[in-house]
Amino acid sequence: MSVPPPPEPIPGARLLFTLDPSVSYLNHGAFGAVPLGVQRTQQRLRDEMEANPQRFFGQALIDRLAHTRRHLAAFLGADPEGTALVGNTTTGVAVVLQSLGLRPDDEVLGTDHGYGAVNLSVARECRRTGATTRSLHLPRSANDAQIVEIVRAGIRPGRTRLLLVDQLTSATARVLPVAALVAVAREHGVPVLVDAAHVPGMLPVQVDAIGADFWVGNLHKWGFAPRGTAVLVVAPPWRGRIEPLVVSWQQPSGFPGNVEWQATLDYTGWLSAPAGLYTLRSLGVERVRAHNAALAAYGQRVVGAALGVPPADLPDPGGPGVAMRIVPLPPGVAGTLEEAGALRTRIADRLATEVSVMAWHGQGWLRLCGQVYNTADEYARLAARLPALLAQD
């Protein structure tokens with residue numbers, strides 16, 4: 001079966017980034033890439049900060065943070081009064097976990113599609129409090145209705161204290177039906193934390209409409225913000241119970257100020273985040289989303305064909321607009337986290353290509369991203385050279 005043609009490039013988009021032209025950067029989902037204009041915005045703010053640190057920190061910084069918070073919340077369809085700026089998704093998750101007041105008889109319920117660092121955070125909080133953690137297996141081929149029923153059956157009323165689900169999974173690039181899962185959890189009075197690390201900028205979202213108790217997502221991936229920019233959105237009943245990881249002078253103000261204010265933190269990345277959204281809007285939000293999703297799908301088909309994977313065996317993301325796709329690697333390749341990391345390094349060193357390699361249930365997966373600075377030729381080059389590299393190893 002022939003591979004469908006790639007989308008037309010967005011003119012001039014590649015020139016907005018300072019990526020090394022000798023490297024094919026097909027892993028935007030890992031650390032993002034900051035447009036040059038956003039870099040310059042942040043540098044101007046740093047210059048302002050260093051010209052007079054006392055004035056920068058002591059006059060109007062809290063108001064500027066609130067303005068940024070309102071701007072980002074409006075883009076995400078979230079209540080700005082319930083939105084706090086945080087460093088990344090894992091930071092937001094840690095804030096929620098330590099604010100829950102877990103007890104020995106409680107459990108945190110997740111899925112086997114969860115992000116590794118988040119799982120480690122859950123495990124640490126459970127060790128600290130005596131609570132337990134449990135993971136539900138969601139088959140990769142399960143549809144939304146099946147996923148909802150698996151979660152419904154997995155909740156233990158009176159025991160499950162938190163349901164933790166991904167809106168778009170990192171390892172398996174799958175959209176989960178989070179609004180339906182929130183509704184199921186609410187039937188049993190179980191709070192829900194949605195890990196939406198990859199959602200802001202990539203997928204259209206109205207956070208408040210999802211109805212989750214907690215929602216956290218990064219702006220520094222698909223929203224073009226400087227790294228270290230994320231938001232934690234908290235529903236009204238929980239806002240008075242949120243405790244920051246670090247207590248500082250804004251503790252008496254409560255959420256969200258007590259979470260945001262961390263004394264001499266470099267706030268210039270957060271203040272530059274609206275410039276990232278401006279870049280996205282300048283290119284055309286829907287245009288970028290459609291381009292990136294189509295390009296990732298093209299890359300999946302090209303690389304999958306090179307590895308002998310039938311199109312029917314290429315995983316579907318379970319929803320439109322997903323700019324990350326995964327390709328199964330041959331049996332025995334990258335079946336562990338250590339092997340996956342080693343293969344990712346070999347691909348980078350030998351093929352001058354940055355990708356993500358994941359191990360999930362003993363199977364190795366190659367994750368490809370599509371972004372406006374990528375071209376169809378980059379996926380074709382990887383497809384032409386990857387089989388030989390795998391054969392050598």
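This is a predicted model: local features need pLDDT of at least 70, side-chain atom pairs count only at pLDDT 80 or more; totals for chains, interfaces and linings use all residues.
When I say that two residues are in contact, I mean that heavy atoms of one lie within 4.5 Å of heavy atoms of the other. If we leave aside the neighbours within four places in sequence, Thr41 is in contact with Ser272 and Ala275. Is Thr41 buried or exposed? Its relative accessibility is 18%, and because buried means under 20%, Thr41 counts as buried.

Let me turn now to a sheet. Strands of a sheet pair through backbone hydrogen bonds, and they can do so in a parallel or an antiparallel way. Here, three strands form an open sheet in the order E9-E12-E11, and the pairing is antiparallel. Strands E9 and E11, the latter being residues 356-360, stand at the edges with a single partner strand each, so one side of each is left without a neighbour in the sheet. Neighbouring strands of this sheet are turned against each other by 35° on average, if direction is ignored.

We can look at the two pairings in turn. E9 pairs with strand E12, residues 363-369, in the antiparallel sense over five bridges, and within that pairing Arg325 stands opposite Leu368 of E12.

What about the side chains of E9? As a general point, the side chains in a regular strand alternate between the two faces of the sheet. In E9, Met324, Ile326 and Pro328 point one way, while Arg325 and Val327 point the other way, and all of them are buried. Why, then, can we call E9 largely enclosed by the rest of the structure? The reason is that five of the five residues of E9 are buried, so the strand is largely enclosed, even though it is an edge strand of its sheet. Helix H13, residues 285-306, lies across E9 and E12, and runs at about 10° to E9.

That helix brings me to helix packing. Two packed helices are described by the angle between their axes and by the distance between the axes. The axes of helix H12, residues 268-283, and H13 come within 5 Å and cross at roughly 80°, which makes H12 roughly perpendicular to H13. The contact is made by Leu280, Arg281 and Leu283 from H12, together with Val285, Arg287 and Val288 from H13. Sorted by class, this contact has four nonpolar residues, no polar ones and two charged ones.

A second pair of helices can be described in the same terms. The axes of H14 and helix H15, residues 376-392, come within 11 Å and cross at roughly 125°, and H14 and H15 are therefore oblique to each other. H14 passes H15 in a right-handed crossing. Which residues meet here? From H14 they are Leu343, Arg346, Ile347, Arg350 and Leu351, and from H15 they are Leu382, Arg385, Leu386, Leu389, Leu390 and Gln392. By class, the contact of H14 with H15 has seven nonpolar, one polar and three charged residues.

Let me move on to some details of the backbone. Most residues other than glycine have a negative phi, and most peptide bonds are trans. Against that background, Ala173 has a positive phi of about 50°, although it is not a glycine, and Ala173 is found in the loop between strand E5 (160-166) and helix H8 (178-187). At 3% relative accessibility, Ala173 counts as buried. Ala334, which is not a glycine either, has a positive phi of about 60°, and its place is the loop between strand E9 (324-328) and helix H14 (337-351). Ala334 also counts as buried, at 5% relative accessibility. As for the peptide bonds, a cis bond joins Phe255 and Pro256, with omega at about 10°, and Pro256 is found in the loop between helix H10 (236-239) and helix H11 (257-260).

I will finish with Leu15, which is found in the segment before strand E1 (24-25). Leu15 counts as exposed, with a relative accessibility of 72%. How many residues lie between Leu15 and Tyr373 along the chain, and what separates their C-alpha atoms? They are 358 residues apart along the chain, and their C-alpha atoms are separated by 7.8 Å.

Technical notes
Residues are numbered from 1 along each chain as its sequence is written. Side-chain values use heavy atoms; hydrogens and water are left out. Helices (H or I, at least four residues) and strands (E, at least two) are DSSP runs, numbered from the N terminus. Buried means under 20% relative accessible area, exposed over 50%, partly exposed in between (1.4 Å probe, protein chains only). Two strands pair if DSSP finds at least two bridges between them. Axes are lines fitted to C-alpha atoms, for helices over the stretch in contact, and angles run from 0 to 180 degrees between N-to-C directions. Angles under 35 degrees count as roughly parallel, over 145 as roughly antiparallel, 65 to 115 as roughly perpendicular and the rest as oblique. A crossing is left-handed if the near helix is turned anticlockwise from the far one by less than a right angle, and right-handed if clockwise. Ala, Val, Leu, Ile, Met, Phe, Trp, Tyr, Cys and Pro count as nonpolar, Asp, Glu, Lys and Arg as charged, and the others, Gly among them, as polar.
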